[in-house]
Amino acid sequence: MYDLGYAERHLLDLEKRIAFLAPNNSAKDERDFLICECSAHSKLWIFGLYEVLRTFKDQKSEKFDALKSLFRDLEIARMPLAKHMIKSAPGFRDNHHYPTGGWRPDTGMVGWSMFDPYEKKMRFFYRTMVSAVAVPPSNRC
């Protein structure tokens, strides 16, 4: 879990740089490259957090109860990002889904528009919105 905290620092720096470059049209190439890099690393970060929470869930850890809604959000995001499928939910098993990427110029946050099978609507998911649960890095690896 500490690894997520180390990765978080890098992702926040990328977002800060993207937001700084957003209004500067002459920096469009650099900004677009950073958006792609931030998006790729954000997906891996989401996959990592999902696996940590899945382990808590599988171990029937008491810690998991407080994280149920976060885990549900991660399940909804992980399936289309990793498998190009909608999260299994009644009526949505085995449906293909390719999320659309996007970013916020004011914050530099990258995210994806994806289908939420529980609410039966599209929603936008930003990694940064769930990153508060990542453990901040310590001086140890």
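This note goes through the predicted model point by point, from confidence to core, rings, charges and cysteines.

1. Confidence. The model is predicted, and its chain averages a pLDDT of 88. Of the residues, 91% score at least 70. Helix 2 has the highest confidence in the chain, at a mean of 95. Helix 4, residues 127–130, has the lowest, at 85.

2. Nonpolar core. The largest nonpolar core counts 27 residues. Leu-49, Leu-74 and Phe-125 have the most contacts inside it. Helix 2 gives the most, with nine residues. As background, nonpolar side chains tend to be buried together in soluble globular proteins.

3. Strand 1 covers residues 100–103 and strand 2 covers residues 110–116. The two run antiparallel and are joined by four bridges. Across the pair, Gly-102 stands opposite Gly-111 in strand 2. Six residues lie between the strands of this hairpin. Gly-108 takes a positive phi there, near 80°.

4. In one of them, the ring centres of Tyr-50 and Phe-71 are 5.1 Å apart, with the planes at 15°. That angle is under 30 degrees, so the pair is stacked. Tyr-50 belongs to helix 2 and Phe-71 to helix 3. The pair therefore ties together parts that are 21 residues apart in sequence. Are these two residues buried or exposed? Tyr-50 is buried, at 7% relative accessibility. Phe-71 is buried too, with a relative accessible area of 4%.

5. Aromatic cluster. Tyr-50 and Phe-71 also belong to one aromatic cluster with Phe-64.

6. A tilted pair. Phe-124 and Tyr-126 form another aromatic pair. Their rings lie 4.9 Å centre to centre, with 45° between the planes, and the pair is tilted. Phe-124 has a relative accessible area of 35%, so this residue is partly exposed. Tyr-126, at 14% relative accessibility, counts as buried because the cut-off is 20%.

7. Charges over rings. Which rings have a charged end over them? The charged end of Arg-72 sits over the ring of Tyr-118, 3.7 Å from the ring centre. The charged end of Arg-127 sits over the ring of Trp-45, and here the distance to the centre is 5.0 Å.

8. Cysteines. How many disulfides does the structure hold? The number is zero. Cys-36 is in no disulfide, and its nearest cysteine sulfur, that of Cys-38, is 10 Å away. Cys-38 is likewise in no disulfide; the nearest cysteine sulfur to it is that of Cys-36, 10 Å away. The sulfurs would have to lie within 2.5 Å to count as a disulfide. Cys-36 is exposed, with a relative accessible area of 55%. Cys-38 is buried, with a relative accessible area of 0%.

Definitions and conventions:
Residues numbered from 1 in each chain as written. Heavy atoms only, no water. Pairing = 2+ DSSP bridges. Core = buried A, V, L, I, M, F, W, Y, C linked by side-chain atoms within 4.5 Å. Buried < 20%, exposed > 50% of the residue type's maximum accessible area, 1.4 Å probe, protein only. pLDDT = per-residue confidence, 0-100. Phe/Tyr/Trp six-rings, centres within 6.5 Å; stacked < 30°, edge-to-face > 60°. Lys NZ or Arg CZ within 6 Å of the ring centre and 35° of its normal.
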